[in-house]
Amino acid sequence: MVTFRQVARTYVYLARAAERDRNRQAKESSRLYKEQIKQNEIENVTETIRRYEDYIKVLMSVHKNCADKIDWQQIIEDDEPLVEKNNLHEDAAQKILNDFTPSFFEKIFGSKKKTQSLEQAIEQAKIQDKKDFDTAKETYADWQKIHEIANGVLAKNPQSYADALNYFEPFSSIDSFGSRIHMSFEKDYAEIELHVNDSEVIPDYIVSITKTGKLSKKDMPKSKFNELYQDYVCGGLLRVARETLAHLPIQTVVVHAMAKMVNTATGHLEDVAIVSSIVPLETLNSLNFETLDPSDSMKNFLHNMKFSKINGFSQVDKLNIKEKIKSINS
């Protein structure tokens, strides 16, 4: 497990930055490809195909990335940072000026320029001392904030669970697999609604290179398209479950993948559940996310999902975790 300093200041931010960069590159590849198709100006067929494949790869691998599990007890034990105003840089610069002895040529031609340079260095040192003090104050404020959250999390305070996820922002790259998230918490579990992006995020075509080196673009079979979208949705569900259980000391999370579908009674688009799954930590930890198929992995959990290769997803009922817990305990 990792401490606050390791998570908050290094791993999480670097991992998220790298992931956002990969997502940007993939999306940019898709955008450029679509523009090229429209303009019939494809000059580099190999590069176009690579961009297409990279984009699909990102969509199908959302579930593979996750932050390290946070050790909240270690955060509590983390030493209080020292906040002390000092003049270390200024004193060092002043000493250099005080110890300055003009050289032979400086005595002849004057040392005013050198002295001015050393005086300017003192002013810069004062600025650096202030920056260091401001950074120390920010670090202390951050330390206070995370300690307050940690105390609440260890006390199983649902509001602190929400504060923890808002602090670490594990869903900061959600735009790659969902439009928004709604969270609610109890002492022993979390319930998350993941509103997934619509199926337009999946290309409805396949590209390849012909024997003559030209680009071939064909309609993707409907069954293949639906299968990709299913893996995309289930991958997003897994990612949300993994991040939640990595950041909170709970054993269970229920995730509802939500999508807009037409209500045949009203003719209007409505947000409905298309996958609903109760994910225990123990089961989640037993999976190999590098090799599993996101859709097939739902078999490991209690879940509702209606899907066919021809018609895609159908609306399902949300699993009621409170009822399931009651039935287990009764």
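## Hairpin S5-S6

Strands S5 and S6 form a hairpin with six residues between them, and Gly267 in the turn has a positive phi of about 80°. S5 and S6 run antiparallel and are joined by 11 bridges. Two strands pair if DSSP finds at least two bridges between them. Within this pairing, His256 has Ser276 in S6 as its bridge partner.

## Basis of the model

This is a predicted model, in which local features need pLDDT of at least 70 and side-chain atom pairs count only at pLDDT 80 or more, while totals for chains, interfaces and linings use all residues. Residues are numbered from 1 along each chain as its sequence is written, and side-chain values use heavy atoms, with hydrogens and water left out.

## Confidence

The predictor's confidence in each residue is pLDDT, on a scale from 0 to 100. The mean pLDDT of the chain is 82, and 80% of its residues reach 70 or more. Confidence is lowest in helix H1 (residues 4-39), at a mean of 52, and highest in helix H10 (residues 294-297), at 97. Over residues 1-13 the pLDDT is below 50; this stretch has 32 contacts in the model beyond near neighbours in sequence. A contact means heavy atoms within 4.5 Å. Where pLDDT is low, the predicted coordinates should not be read in detail.

## Overall make-up

The chain holds 11 helices and eight strands. Of its 330 residues, 41% are buried. Buried means under 20% relative accessible area, exposed means over 50%, and partly exposed lies in between, with a 1.4 Å probe and protein chains only. Among contacts in the chain with a separation of 6 or more, 69% are between residues 24 or more positions apart.

S7 in turn runs antiparallel to strand S8 (residues 312-314), and three bridges join them. The bridge partner of Ser308 is Gly312 in S8. S7 and S8 form a hairpin with three residues between them.

## The largest pocket

A pocket is found on a 1 Å grid over the protein atoms alone: it is an open set of points where a 1.4 Å probe fits, with protein on both sides within 12 Å along at least five of seven lines, and lining residues have an atom within 4 Å of a point. The largest pocket holds about 390 Å³ of space. This volume is the space filled by probe spheres set on the grid points, which are joined across faces, edges and corners.

The lining consists of 20 residues, and Asp198, Ser199, Tyr229, Ala259 and Lys260 lie nearest the centre of the pocket. Two or more lining residues come from each of strand S1 (178-185), strand S2 (189-196), helix H8 (222-247), strand S5 (252-262), S6 and S8. By class, eight of the lining residues are nonpolar, seven polar and five charged. Ala, Val, Leu, Ile, Met, Phe, Trp, Tyr, Cys and Pro count as nonpolar, Asp, Glu, Lys and Arg as charged, and the others, Gly among them, as polar.

Gly236 is found in helix H8 and is buried, with a relative accessible area of 0%. Gly236 and Pro294 are 58 residues apart in sequence, and their C-alpha atoms are 8.8 Å apart in space.

Lys112 belongs to helix H6 (residues 112-154). Lys112 is exposed, at a relative accessible area of 63%. Lys112 and Pro102 are 10 residues apart along the chain, with 9.8 Å between their C-alpha atoms.

## Positive phi in loops

Most residues other than glycine have a negative phi. Lys156, a residue other than glycine, has a positive phi near 60°. Lys156 sits in the loop between H6 and helix H7 (158-168) and counts as partly exposed, at 32% relative accessibility.

Glu169 also has a positive phi, near 50°. Glu169 is found in the loop between H7 and S1 and is partly exposed, with a relative accessible area of 46%.

Methods. Helices (H or I, at least four residues) and strands (E, at least two) are DSSP runs, numbered from the N terminus.
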